[in-house]
Amino acid sequence: MPTQISDAILLTDGKILISAVQPGNLSISFLLLRYNGNGSTDTNFGNDGVLYTPQDYHSLVQTSYGKIITGFILFGVMGFYFKRLFPV
């Protein structure tokens, strides 16, 4: 199934972090994908480079001290929320 990318950032270590949505027949999966600088899957992240998440992270930012902050919307709740991801 096709995956829709919500955001992608280049991390300070040269790796690529992608937030994506994967529609299914009865549900939607939210994922974080991480790739090495050469484009290969970072198998040290999540399950072979894929981490399923409870929300669709609409925006990703890496702080100057290397931490990942994400912005997301909770379905059925008004507002835009922020979350620090551990560990990335």
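Visitor: Arg 34 and Asp 42: buried or exposed?
Guide: Both Arg 34 and Asp 42 are buried. Buried means under 20% relative accessible area, exposed over 50%, partly exposed in between (1.4 Å probe, protein chains only).

Visitor: Okay, and what am I looking at here?
Guide: It's a predicted model, where local features need pLDDT of at least 70 and side-chain atom pairs count only at pLDDT 80 or more, while totals for chains, interfaces and linings use all residues. Residues are numbered from 1 along each chain as its sequence is written, and side-chain values use heavy atoms, with hydrogens and water left out.

Visitor: Back to that pair. What does Arg 34 form with Asp 42?
Guide: A salt bridge, with the closest N and O atoms 2.6 Å apart. That term means a side-chain nitrogen of Lys or Arg within 4 Å of a carboxyl oxygen of Asp or Glu.

Visitor: How many salt bridges does the structure hold?
Guide: Two. In the other one, the side chains of Asp 42 and Lys 15 meet at 3.1 Å, N to O. That pair links distant parts of the chain, 27 residues apart: Asp 42 is in the loop between β3 (28–35) and β4 (50–53), and Lys 15 is in the loop between β1 (4–10) and β2 (16–23). Strands here are DSSP runs (E, at least two residues), numbered from the N terminus.

Visitor: Why does Asp 42 count as buried?
Guide: Because its relative accessibility is 2%. Salt bridges with shared partners join Asp 42, Lys 15 and Arg 34 into one network.

Visitor: What about Asp 7, where does that lie?
Guide: In strand β1. Asp 7 is buried yet has no salt bridge, and the nearest side chain of opposite charge, Arg 34, is 15 Å away. For charges, Lys and Arg count as positive and Asp and Glu as negative; His and the chain ends are not counted.

Visitor: So what does the side chain of Asp 7 reach?
Guide: The backbone nitrogen of Leu 60, at 2.6 Å. That's a polar contact: N or O atoms within 3.5 Å, one able to donate a hydrogen and the other to accept it, with residues adjacent in sequence counting only if both atoms are side-chain atoms. Setting aside neighbours within four places in sequence, Asp 7 also has contacts (heavy atoms within 4.5 Å) that include Leu 17, Ser 19 and His 58.

Visitor: How many bridges join β2 to β3?
Guide: Eight, and the two run antiparallel. Ser 19, for one, has Leu 32 in β3 as its bridge partner.

Visitor: And the other sheet?
Guide: That's an open sheet of three strands, β5-β6-β7, again with antiparallel pairing. Strand β5 (residues 57–62) pairs with β6 over five bridges, and β6 pairs with strand β7 (residues 81–85) over five bridges.

Visitor: What do β5 and β6 form together?
Guide: A hairpin with five residues between them; Gly 66 in the turn has a positive phi of about 90°. Across the two strands, the bridge partner of Ser 59 is Gly 71 in β6, and Leu 60 stands opposite Thr 70. On its β7 side, Thr 70 has Lys 83 as bridge partner.

Visitor: How covered is β6?
Guide: Mostly: four of the five residues in β6 (residues 68–72) are buried.

Technical notes:
Two strands pair if DSSP finds at least two bridges between them.
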